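User: I am new to this structure and would like to learn how to read it. Please take me through it step by step.

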Amino acid sequence: MIATVQAVSDVQILDMEQIELREVNATLQRAPSTNYTQFEILNTRGSHAIAVGLDAEIEVIVKGSTGYYCAGMNQRATVHVTGSVGPGVAENMMSGTVIVDGDASQYAGATAHGGLLVIKGNASSRCGISMKGIDIVVHGNIGHMSAFMAQKGNLVVLGDAGDALGDSLYEARLFVRGSVKSLGADCIEKEMRAEHLDILADLLARAGADAKPQDFKRYGSARKLYHFNVDHADAY
Amino acid sequence: MCGIVGLFLKKEDLRPRLGDMLADMLITMSDRGPDSAGIAIYGDQGDGHKITVQSDTPDTAFDGLDTALGDRLGAPVTMKTNDTHAVLTVPAEALEATGAFLEARGLRIMGVGEAMEIYKETGLPRDVATRFGLRAMGGSHGIGHTRMATESAVTTLGAHPFSTDADQCLVHNGSLSNHNTMRRVLAQKGFAPKTENDTEVAACYISSRIAEGANLGEALSGTLEDLDGFFTFVMGTKTGFGVVRDPIACKPAVMAETDDYVAFGSEYRAFAGLPGIDSARVWEPEPATVYFWER
Amino acid sequence: MNDTPQTMPRQSWTFSNEVNAEIRRAAHTGIYDIRGGGAKRRVPHFDDLLFLGASMSRYPLEGYREKCETGVTLGTRFASKPIELKIPITIAGMSFGSLSGPAKEALGRGASLAGTSTTTGDGGMTEEERGHSEKLVYQYLPSRYGMNPDDLRRADAIEVVVGQGAKPGGGGMLLGQKITERVAGMRDLPIGIDQRSACRHPDWTGPDDLEIKILELREITSWEKPIYIKIGGARPYYDVALSVKAGADVIVLDGMQGGTAATQDVFIENVGTPTLACIRPAVRALQDLGMHRKVQLVVSGGIRTGADVAKALALGADAVSIGTAALVALGDNDPKWEQEYRALGTTTGAYDDWHEGRDPAGITTQDPDLMARLDPVEAGRRLRNYLNVLTLECQTLARACGKSHVHNLEPEDLVALTIEAAAMAQVPLAGTDWIPGKGGF
């Protein structure tokens with residue numbers, strides 16, 4: 001709409017010392033019906049549920065660190081956190097981009113269906129748990145039980161992975177450059193084929209990660225848990 | 001189910017601010033534990049042992065208590081009252097006689113130690129911090145807890161921290177699944193918990209291990225072997241504090257360290273007001289790993 | 001022939017034919033038995049309670065003329081748009097996947113005609129049920145299959161499922177789930193595989209975390225939708241108190257007779273507490289917190305008749321929820337399919353292998369030929385009729401006790417036929433003023 005052009009460059013400031021969380025999120029959720037496309041959230045002080053339920057092509061910069069579920073269920077928006085995030089960042093994201101300059105606590109990108117989550121620091125345990133199509137790129141390390149029951153999508157880790165990586169994995173692809181402390185049940189190392197190198201190269205580029213695809217190993221599901229076999233019963 | 005905070009100062013000049021910093025941390029964790037709150041403060045050491053007692057009727061219970069105790073012991077006793085709590089200082093050799101005297105008068109002993117004082121009550125953390133004047137307290141380190149009671153009663157005695165030996169205190173976030181069995185084992189060893197609370201069982205377990213000769217690190221490691229369920233423990237001693245999480249480690253825990261302090265919080269937001277937090281090293285304790293800081 | 005008198009062949013009570021058959025089955029397959037439905041063992045139930053009725057000391061209401069209201073509003077605590085139902089009976093969560101599309105449509109049609117709500121399940125929201133349900137509760141489950149913010153916003157309420165009565169604390173592996181192409185697509189799973197299900201939510205554990213999760217859900221949906229928390233009957237006093245503290249608008253409490261699409265038989269029969277035994281501790285927790293009637297309590301697990309409804313309400317529930325009974329109303333386990341049940345090695349009333357997808361009644365299946373057996377319009381009408389009967393029966397009993405609203409039924413209107421029921425429901429044994437466990441007994 002031509003009428004919105006004049007306001008496009010304006011950044012709306014949402015200062016959490018001045019306004020409540022409800023007003024912050026309501027403003028962002030109303031964005032499609034306003035002229036604003038850029039927002040900055042200040043004084044977050046580790047608050048929960050910041051910038052959740054967005055559904056517009058807007059850009060939100062969160063200055064500081066957040067608590068649980070930052071950018072939860074995001075659709076289309078770009079959310080950039082300059083600090084660290086608490087548990088469940090971008091949980092159940094559908095589309096859009098979430099970038100975290102610092103570290104992420106447990107459950108980063110849990111159950112998310114789409115979009116790109118970039119963590120510049122480390123992610124702790126259960127990164128990508130039950131992921132259903134999201135792409136996650138972690139520049140640092142990830143903690144234990146990451147990609148537990150991961151169904152779809154790609155998890156890229158430039159650093160090391162903790163215990164039980166990819167336990168009970170379905171069809172998600174895991175790419176790790178560093179060491180893996182241990183693999184979970186039914187997760188195995190797999191051959192890196194040309195198609196995987198292409199996927200990885202694209203994800204690394206989109207995540208601003210300086211790494212070579214051929215330095216990574218690929219892990220995936222052995223698919224032995226897909227159909228019950230009494231001789232594998234101890235893996236359950 | 002709860003919120004935990006802990007602060008261990010590395011520098012002397014911050015000591016007067018300990019209570020103030022800890023109060024902000026504690027109040028931030030109110031949502032995680034609105035039922036009750038408690039703190040253990042490791043303050044100045046005096047000439048004797050401090051005994052923190054609690055009474056629901058402090059006006060009558062504490063009236064003349066120090067004189068009566070002094071007469072009984074034939075030794076000097078000092079008393080500092082603080083709302084429902086009072087801290088009595090007695091000579092070390094008089095501890096046993098003091099305990100018997102206080103219990104006979106119906107007072108609840110919250111904790112004993114050379115440095116530690118414990119204050120806990122039901123109610124919102126903000127109100128609990130205010131009624132005890134937490135902000136004005138100084139010290140070297142302290143641990144706080146906000147409680148959402150799971151399976152035991154919302155009472156003063158059910159609040160954390162639990163102290164089951166001198167200068168030891170324990171707070172817990174999670175829920176233990178074998179505490180009833182452990183309670184029976186500990187009772188046979190003479191470390192019977194006084195409440196139905198699962199955390200007190202863990203505190204008694206650690207005290208029993210230390211009494212048997214384990215050091216604190218070994219005792220905390222022992223919780224990984226012998227206690228089942230979900231837990232993040234933060235433990236205070238006279239000279240330090242320790243942290244351990246269960247192997248599954250799905251209850252939240254985050255730590256921050258600067259040149260000035262080490263801080264523990266159930267959530268990052270507990271740290272938001274700490275000085276220099278933006279440049280602190282912030283990390284999450286690993287599962288099944290014991291962390292310990294000592295001065 | 002030997003004429004010596006013989007001892008009668010004697011079957012062991014401990015090692016009965018049924019038990020031995022199960023031992024042989026386990027030895028052959030190496031895997032526990034998976035089935036649908038709830039506990040089949042006999043447990044103390046609403047049948048063991050009776051209403052006293054009015055006589056000289058109380059005055060009854062005239063049936064059909066003097067009104068006896070049945071409306072209930074769920075979600076009055078925090079939600080800006082609570083759910084108003086005409087009857088205190090809702091349809092419990094059952095997934096698309098476990099049920100066919102037409103079966104979900106029929107549930108929506110029947111519930112809407114009767115003025116009540118229906119509930120999604122583990123597998124996302126389908127157009128069939130959203131389109132045909134005037135009021136739809138969207139379940140938020142550990143698997144998060146099909147979970148998305150658009151459906152969250154078009155739901156009328158959100159039910160965070162912590163547990164269910166058939167398997168409190170349950171998760172594990174469900175063999176042979178009928179993961180067809182459509183179900184697989186909705187769940188982001190490969191087609192035709194066994195399904196593993198998690199017992200805890202992937203991104204929170206415990207009530208202190210749940211409080212934050214609820215905050216997020218409310219922020220995403222502008223604080224409009226009531227948030228239900230569904231718990232299995234385990235430790236109802238504590239679990240209800242913690243649900244209130246975590247911020248629930250409504251608590252759904254499912255006793256051990258509550259059904260499931262599929263889980264281990266050992267779980268169904270050996271974990272959880274009977275519905276009858278769950279209600280009083282739950283209500284006491286609400287009363288202790290000053291939240292009875294402010295946070296509404298919905299009870300489910302074995303509700304079959306208007307008498308069951310009335311008794312649950314009298315013990316303090318605000319509403320009940322039905323699952324198995326609704327499926328039977330649609331046509332599940334109907335004797336007209338007896339030959340086909342026999343071919344499956346079972347019989348009418350005993351068929352419970354819903355997860356295998358071969359349901360002759362066409363309800364718990366994704367097989368196109370079987371699915372076509374269920375006419376959603378006709379089945380929806382049967383459900384409407386059944387819901388109406390439950391309501392009329394409940395009103396009949398309430399009027400007999402002199403109540404102009406079914407919510408005015410109270411525990412003191414009841415007596416128990418057995419000591420067990422008296423103890424569990426905390427009402428006196430009939431003809432006495434003895435409540436086991438009260439007054440020093």
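Analyst: What follows covers one interface and the nonpolar cores. The model is predicted, so local features need pLDDT of at least 70 and side-chain atom pairs count only at pLDDT 80 or more, while totals for chains, interfaces and linings use all residues. Residues are numbered from 1 along each chain as its sequence is written, chains are lettered from A in the order in which they are written, and side-chain values use heavy atoms, with hydrogens and water left out.

User: How much area do chain C and chain B bury between them?

Analyst: The size of an interface is often given as the accessible area lost when the parts come together. Here chain C and chain B bury about 1200 Å² (1.4 Å probe, summed over both), with 54% of it on carbon and sulfur atoms. On the chain C side, Asp208(C), Tyr238(C) and Lys245(C) lose the most area to chain B, together 42% of what that side buries.

User: How many salt bridges are there between chain C and chain B?

Analyst: A salt bridge is a side-chain nitrogen of Lys or Arg within 4 Å of a carboxyl oxygen of Asp or Glu. The count between these chains is four. Asp209(C) and Arg32(B) form a salt bridge at 2.7 Å, N to O.

User: Which residues touch the most other members of the largest nonpolar core?

Analyst: In soluble globular proteins, nonpolar side chains tend to be buried together. A nonpolar core joins buried (under 20% relative accessible area, 1.4 Å probe, protein chains only) Ala, Val, Leu, Ile, Met, Phe, Trp, Tyr and Cys residues through side-chain atoms within 4.5 Å. The largest core has 144 residues, and those touching the most other members include Leu155(A) and Leu49(C). Apart from it lies another core of 32 residues, including Leu9(B) and Tyr261(B).

Terms used
Buried area = accessible area lost by both parts, 1.4 Å probe. Buried < 20%, exposed > 50% of the residue type's maximum accessible area, 1.4 Å probe, protein only.
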